[in-house]
Amino acid sequence: MTKIAWKPGTLLYPVPPALVSCGTLQRPNALTVAWTGIVCSDPAMTYISLRPSRFSYGLIRESGEFAINLTHAALTRAADYCGVRSGRDVDKFKQMGLEAEACTQISAPMIAQSPISLECRVEQILPLGSHDMFLSRIVAVNVREDLVDDTGLHLERSGLVAYAHGQYYVLGKQLGKFGYSVRKKAQRRQTAPRRR
């Protein structure tokens, strides 16, 4: 099947509908961003891209800190609300029943209901056009206790949500594991026939 050429656009999907918390524990604010991701593993670096007109932009620029809170199914309504309402006009934590929890390394709060919260410290702000990118170091990661056991981290238990072209989806069926395409298949041990 052939493809149709479109003008350049933001059709890299799915993306996380991440709840970004900022402000202080006493006056928390949250906004939803889809423009986020990992840019380096050592040191652990991430980014968020924000329009300068957003209320949270000034809070994050001034403090240099924020938390990225991953969204699961139960937080989808809050993620949608925090993406279309401004902290200038409403207390989004109060309206959505979000609980601000103290972070371990930064003064901005994290969202208690989120399964994973990344504490971030801004290292550089890059003006790009409609959005400015806040290139940031991940200074701590907070993981819900029930997602960790002796075998490691189990994000599949959290019901994480993805956003694709205006729709929210719960992540579903596992199709493989990292490296499965090159992993050798286990050989069956052949047993010698029994002698009678």
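I count a contact as heavy atoms within 4.5 Å. On that basis, residues 24 or more positions apart account for 59% of the contacts in the protein with a separation of 6 or more.

**Ground rules.** I am working on a predicted model, where local features need pLDDT of at least 70, side-chain atom pairs count only at pLDDT 80 or more, and totals for chains, interfaces and linings use all residues. Residues are numbered from 1 along each chain as its sequence is written, and side-chain values use heavy atoms, with hydrogens and water left out.

**Overall form.** I looked up the secondary structure and found three helices and 13 strands. Helices (H or I, at least four residues) and strands (E, at least two) are DSSP runs, numbered from the N terminus. The radius of gyration is 21 Å, well over the 16 Å that the globule rule gives for 196 residues, so the protein is more spread out than a compact globule. That radius is taken over C-alpha atoms, and the rule is 2.2 Å times the number of residues to the power 0.38. The C-alpha atoms fill a box of roughly 85 × 45 × 30 Å along the principal axes.

**Burial.** I call a residue buried under 20% relative accessible area, exposed over 50%, and partly exposed in between (1.4 Å probe, protein chains only). Buried residues make up 36% of the 196.

**Cores.** A nonpolar core here is a set of buried Ala, Val, Leu, Ile, Met, Phe, Trp, Tyr and Cys residues joined through side-chain atoms within 4.5 Å. The largest one has 16 residues. V20, I48, L50, I60, F66 and I68 have the most contacts inside it. Among the elements that each supply at least two of its residues are β1 (18-23), β4 (44-50), α1 (55-63) and β5 (65-69). A second, separate core of nine residues includes L19, L75, A78 and C82.

I then checked I68, leaving aside neighbours within four places in sequence. Its contacts include V20, I48, I116 and C120.

**Strand β4.** Six of the seven residues of β4 are buried, so this strand is largely enclosed by the rest of the structure. I looked up its partners, taking two strands as paired if DSSP finds at least two bridges between them. Strand β3 (residues 36-41) pairs with β4 in the antiparallel sense over five bridges. G37 has Y47 of β4 as its bridge partner. A hairpin of two residues joins β3 to β4. Six bridges join β4 to β9, also antiparallel. There, M45 is bridged to R137 in β9.

**Helix α2.** In α2 (residues 76-84) I found T76, A78, A79, Y81 and C82 buried. The buried residues of α2 pack against β1, β2, α3 (92-96), β12 and β13 (167-170).

**Cysteines.** I searched for disulfides (cysteine sulfur atoms within 2.5 Å). The structure holds zero. For C22, the nearest cysteine sulfur is that of C82, 10 Å away. C22 is buried, at a relative accessible area of 0%. For C120, the nearest is that of C103, at 8.9 Å. C120 is buried as well, also at 0%.

**H154.** I placed H154 in the loop between β11 (152-153) and β12 (161-164). H154 counts as buried at 14% relative accessibility. Its side chain makes a polar contact with the side chain of E156 (3.0 Å). For polar contacts I took N or O atoms within 3.5 Å; within protein, one must be able to donate a hydrogen and the other to accept it, and residues adjacent in sequence count only if both atoms are side-chain atoms. Leaving aside neighbours within four places in sequence, H154 is in contact with L147 and D149.
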